[in-house]
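Here's a guided walk through a protein model, starting with its charged contacts and ending with its surface. Keep the viewer open as you read.

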Amino acid sequence: MKHGFVKVASAVPSVKVANCKHNVEQIETLIMQACTQQAEIVCFPELAITAYTCGDLFQQQLLLEEAELELINLLNMTRSMDVIIIVGMPVCYQGALLNCAIVMQRGRLLGIVPKTYLPNYKEFYEMRWFTSARNVRPGQMLICGQHVPVDAHLLFRTPCCTFGIEVCEDLWAPIPPSTYLAMQGADVVFNLSADNDLVGKRTYLESLIAQQSARTISGYVYAGCGFGESTQDVVFGGKAYIYENGSLLAKSPIHTIEPQLIVSEIDVDRLRAERRQNTTFQANASEFIGLPLTLIETQSPFNDCDELTRSINPLPFVPAGKQLDERCEEIFAIQAEGLCKRLVHTNSETAVIGISGGLDSTLALLVAVRAFDMLGKSRRGIVGITMPGFGTTDRTYTNAIRMMKHLGITIREISIKEACLQHFRDLGHDPDTHDVTYENGQARERTQILMDAANQMNGLVVGTGDLSELALGWATYNGDHMSMYGVNASVPKTLVRHLVKWVAETMDDDATRETLLDIVDTPISPELIPADEEGNITQKTEDLVGPYELHDFFLYHVLRFGFRPSKIFFLAQHAFQGKYDDETVRKWLRTFFRRFFAQQFKRSCLPDGPKVGSCSLSPRGDWRMPSDASSEAWLAEID
């Protein structure tokens with residue numbers, strides 16, 4: 001696929017035990033379906049050609065020869081197909097019988113991967129029939145008229161990814177083969193399995209796959225036996241999964257008599273970016289340098305499909321569903337605990353906050369209230385200063401006053417109008433000229449008041465600016481850009497809104513909740529330009545710099561994975577399909593990168609603030625970018 005994705009499929013055919021002809025016919029049908037959905041690699045269950053539950057029939061020469069004969073038929077059927085097929089069957093090699101994964105493409109056998117760990121359970125006694133890969137020498141064998149490598153340490157390289165294979169029980173080992181494969185370069189691991197069903201086992205299996213995928217920072221495709229395998233005392237529900245770095249992309253229904261095929265796209269670019277940034281992964285990988293490994297090249301071309309079946313989250317900073325409450329509580333607690341430490345360390349008697357009636361200052365105030373409650377300090381020690389200016393509207397002013405009263409903090413009101421007019425006179429600036437001097441003069445006047453008030457009351461200034469504003473440089477240098485501790489510094493705007501709403505919905509006081517919810521619904525604005533004749537906000541931030549949900553989406557993929565603009569644009573097209581057209585996305589993507597590069601100098605001297613998530617722009621840790629870096633290459637790609 002394009003943009004660093006590989007489209008993979010996990011197939012669960014309906015089988016008949018020991019009927020190789022029937023089983024291969026079922027496999028062929030699912031391969032055709034996978035090709036229709038433009039899958040590039042399709043994986044089938046363990047011993048899918050013979051079925052897994054053949055028991056002592058695995059010792060019958062006829063069954064083994066039938067399996068090879070049907071493998072030839074499968075090769076012939078797929079000779080003109082680009083798709084890579086991974087299917088399980090028993091293989092005789094060096095006088096032993098191996099439980100193997102067969103990898104093929106365009107009628108060519110690419111490699112044979114034998115199972116390493118054989119179970120010795122009550123219901124499964126594979127050691128009765130099969131030999132472990134550890135007990136045979138890697139080499140080549142003649143099968144279906146082709147010389148094919150046989151080795152548990154095979155890696156297969158495609159134009160878009162490198163993949164490895166392990167078989168069923170291998171995953172359950174303390175150190176699975178997939179660990180070695182990932183350390184040696186496998187982006188994706190395929191598991192051919194025959195895991196039976198027991199009460200509670202599926203949940204454990206899902207956890208196991210998720211953990212292995214996360215530990216190895218890999219894609220993990222699991223194909224388990226389904227209908228037809230169930231015989232005598234065991235039942236196979238047909239489990240198929242596709243994971244990416246611990247996250248579930250797709251899974252099949254279980255306990256159905258119908259064959260199953262699940263398809264999704266694994267973002268190999270993303271996995272490789274994660275690995276590059278994870279020094280622990282790299283340090284561990286160095287321990288595997290020099291170990292036996294065979295790399296097999298596959299043929300190309302691969303399809304140029306650019307349609308995704310997986311969903312792309314338009315709000316990557318905002319958790320969905322039941323996780324939202326838990327995440328909001330955790331973030332809020334981190335913010336408050338960080339502020340507690342700074343208050344205790346500086347022996348501050350007060351916390352001074354500029355309260356505008358907007359989202360950011362509201363969240364900062366709520367965090368300060370939580371911190372003072374944690375420290376057992378009176379909320380009167382929180383000093384909220386509202387500073388009406390030329391653009392302050394009745395709505396934001398009223399909400400600011402009401403909120404401070406409801407929360408029981410100390411309220412101060414200091415108008416900045418006369419001070420700013422005097423400043424304009426001193427500068428010789430016409431106050432009717434609403435330019436950058438007019439706007440920034442107000443922002444700096446407010447910061448001066450906050451700093452001096454904090455000195456006056458033995459306090460510290462709690463900053464209100466958020467991560468999204470810092471990314472865009474939407475802050476006045478040495479104005480709202482500065483504080484003594486910025487509690488919102490790593491909280492993006494899309495999450496600020498959810499945090500304030502979450503706090504509101506957890507409040508018992510109806511009046512406070514009503515005020516907070518009205519603040520959530522207020523248009524985002526710095527209120528530096530006078531309101532219209534009806535007193536409404538005229539300066540709306542998102543009209544000027546673009547929708548924050550788009551900018552937060554761009555920011556997430558830049559900071560977390562270092563994606564190039566073309567990939568971010570591709571992802572945004574899918575995430576915001578039907579909401580923003582391509583030209584709108586492209587316009588604001590260009591704005592984002594232009595501002596992100598140009599405004600780094602503001603981020604190079606940020607005050608301290610608590611890191612709450614995986615993305616931060618602190619110059620002391622997460623983001624160390626030259627203030628004078630050129631954006632030319634990024635803007636050229638967008639254009």
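**Salt bridges, sheet and surface**

Start with Asp-510 and Arg-513, whose side chains meet in a salt bridge with an N to O distance of 2.6 Å. By salt bridge I mean a side-chain nitrogen of Lys or Arg within 4 Å of a carboxyl oxygen of Asp or Glu. Because the two sit three residues apart in helix H14 (residues 510–520), about one helical turn separates Asp-510 from Arg-513. Asp-510 counts as exposed, at 52% relative accessibility. The cut-offs here are under 20% relative accessible area for buried, over 50% for exposed, and partly exposed in between, with a 1.4 Å probe and protein chains only. Elsewhere, salt bridges that share partners tie Asp-360, Asp-466, Glu-469 and Lys-493 into one network.

A quick word on what you're looking at: this is a predicted model, where local features need pLDDT of at least 70, side-chain atom pairs count only at pLDDT 80 or more, and totals for chains, interfaces and linings use all residues. Residues are numbered from 1 along each chain as its sequence is written, and side-chain values use heavy atoms, with hydrogens and water left out. As for helices and strands, they are DSSP runs numbered from the N terminus, helices being H or I with at least four residues and strands being E with at least two.

How many salt bridges does the structure hold? The count is 31. One of them links the side chains of Arg-202 and Glu-206, at 3.4 Å from N to O. These two are four residues apart in helix H4 (residues 201–215), so Arg-202 and Glu-206 are again separated by about one helical turn. Glu-206 counts as buried, because its relative accessibility is 17%. Then there's the salt bridge between the side chains of Arg-379 and Asp-373, at 2.8 Å from N to O. Here Arg-379 counts as partly exposed at 29% relative accessibility, and Asp-373 falls in that class too, at 40%.

Now for the strands. Five of them form an open sheet with parallel pairing, in the order S18-S17-S16-S19-S20. Strands S18 (410–413) and S20 (485–486) stand at the edges with a single partner strand each, so one side of each has no neighbour in the sheet. Pairing here takes at least two bridges found by DSSP between two strands.

Thr-350 has Gly-459 as its bridge partner in S19. Ala-351 has a partner in each neighbour: Ile-382 in S17 and Leu-460 in S19. Gly-354, for its part, is bridged to Ile-385 in S17.

Which way do the residues point? In a regular strand the side chains alternate between the two faces of the sheet. In S16, Thr-350, Val-352 and Gly-354 point one way and Ala-351 and Ile-353 the other, and all are buried. S17 reads likewise: Ile-382, Gly-384 and Thr-386 point one way, Val-383 and Ile-385 the other, and all are buried. Since five of the five residues of S17 are buried, that strand is largely enclosed by the rest of the structure.

For an antiparallel pair, go to strands S12 (residues 240–244) and S13 (residues 247–251), which are joined by four bridges. Tyr-241 stands opposite Lys-251 in S13. The hairpin has two residues between its strands, and Asn-245 takes a positive phi near 50° there.

Ser-178 lies in helix H3 (residues 177–183) and counts as buried, at 1% relative accessibility.

Finish on the surface, where Asp-325, Glu-326, Glu-330 and Glu-505 gather in a patch of negative charge. Patch members have over 30% relative accessible area and no salt bridge; like charges are joined within 9 Å, and nonpolar side chains (Val, Leu, Ile, Met, Phe, Trp, Tyr) within 5 Å. Lys and Arg count as positive and Asp and Glu as negative, while His and the chain ends are not counted. The place of a charge is NZ of Lys, CZ of Arg, CG of Asp or CD of Glu. Accessible areas come from the Shrake-Rupley method with a 1.4 Å probe, and for residues only the protein chains shown count as cover. Helix H7 (residues 323–346) gives the most to the negative patch, with three residues. Glu-326 is found in H7 and is exposed, with a relative accessible area of 58%.
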